[in-house]
Amino acid sequence: MRQLRVGESLRHTLSDILRGEDLPDRAIDPLTLTVTEVQVSPDLKNATVFIVPLGGRRETAAVEALNRHAKYLRGRLGRRVVLKHTPALRFALDDSFDEADQIDRLLRSDKLRRDLEPAPDDPDADAAPTDQEQKKD
């Protein structure tokens, strides 16, 4: 539970830092970054920060630049969040939105829809399950 609270606090604070401060790096200067999640290790000494650049542009360059500036960002974070030790930061691209989009496309595909619809010549398609079939479940 503590990991989740610390992760959420770090996420909010890092979002504020990235929104309000200019990092001297061309790879991330023109980008608007969203911090989607921060996963903190059980000992609270390491944190993985998942980011998504707005519009999905220059994702790899943004992650590399943030990892180059991780120590600086850790220092800024340590001044704003009250923790015994500020966790070391590692930035990674959050691809969960892409995965969710792919799953959504698969669920809406015609092939899946055809597989789920009963065959028109299947006489049991509209029949209610028998008592024997219900007991199997």
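## A walk through a predicted α/β chain

T86 touches R74, L77 and G78, when residues up to four places away in sequence are not counted. This residue is found in the loop between helix 3 (70–80) and strand 3 (88–93), and T86 is buried because its relative accessible area is 18%, which falls under the 20% that marks a buried residue.

**The chain as a whole**

The structure is a predicted model, and the protein chain averages a pLDDT of 80, with 71% of the residues scoring at least 70. Among the elements of the protein chain, strand 3 has the highest mean pLDDT, at 95, whereas helix 6 (residues 131–136) has the lowest, at 56. Where pLDDT is low, the predicted coordinates should not be read in detail.

The protein chain holds six helices and three strands, and, read from the N terminus on, its elements follow the order α-β-β-α-α-β-α-α-α. Buried residues account for 31% of the 137 residues in the protein chain. Of the contacts in the protein chain between residues at least 6 apart in sequence, 64% join residues that are at least 24 apart.

**The sheet and the helix packed on it**

The three strands form an open sheet with the order 1-2-3, and the pairing in this sheet is mixed. Strand 1 (33–40) and strand 3 stand at the edges and each has a single partner strand, so one side of each is left without a neighbour in the sheet. From one strand to the next, the twist averages 30°.

Strand 1 and strand 2 (residues 46–53) run antiparallel and are joined by seven bridges, and within this pairing Q39 stands opposite T48 in strand 2. Helix 2 (residues 59–68) packs on the sheet, where it touches strand 1, strand 2 and strand 3, and the direction of helix 2 makes about 175° with that of strand 3.

T48 itself, whose place is in strand 2, counts as buried because its relative accessibility is 15%. Leaving aside neighbours within four places in sequence, T48 is in contact with E37, V38 and Q39, and also with R90 and A92.

Helix 1 (residues 2–20) has 19 residues and reaches 27 Å from its first C-alpha to its last, which is close to the 27 Å expected at 1.5 Å a residue. Several of its residues are buried, among them V6, L10, L14 and L18, and what covers the buried residues of helix 1 includes strand 1, strand 2, strand 3, helix 2 and helix 3.

In soluble globular proteins, nonpolar side chains tend to be buried together. The largest nonpolar core here has 26 residues, of which I51, L66 and L89 touch the most other members. Helix 1, strand 1, strand 2, helix 2, helix 3 and strand 3 are the elements that give two or more residues to this core, and helix 1 gives the most, with five residues.

Which residues does L66 contact, leaving aside its neighbours within four places in sequence? L66 is in contact with L18, L23, I28, L33, I51, L73 and F91.

L44 lies in the loop between strand 1 and strand 2, and it has a positive phi of about 65° although it is not a glycine. Most residues other than glycine have a negative phi. L44 also counts as buried, because its relative accessibility is 16%.

D94 lies in the loop between strand 3 and helix 4 (96–107). When residues up to four places away in sequence are not counted, D94 touches T36, F50, I51 and V52. D94 and T34 are 60 residues apart in sequence, and their C-alpha atoms are 9.7 Å apart in space.

| Residue | Relative accessible area |
|---|---|
| T86 | 18% |
| L44 | 16% |
| T48 | 15% |
| D94 | 12% |

Note on methods: Residues numbered from 1 in each chain as written. Heavy atoms only, no water. Helix = DSSP H or I, 4+ residues; strand = E, 2+ residues; numbered from the N terminus. Buried < 20%, exposed > 50% of the residue type's maximum accessible area, 1.4 Å probe, protein only. Contact = heavy atoms within 4.5 Å. Pairing = 2+ DSSP bridges. Axes fitted to C-alpha atoms, helices over the stretch in contact; angles between N-to-C directions. Expected span 1.5 Å × (residues − 1). Core = buried A, V, L, I, M, F, W, Y, C linked by side-chain atoms within 4.5 Å. pLDDT = per-residue confidence, 0-100.
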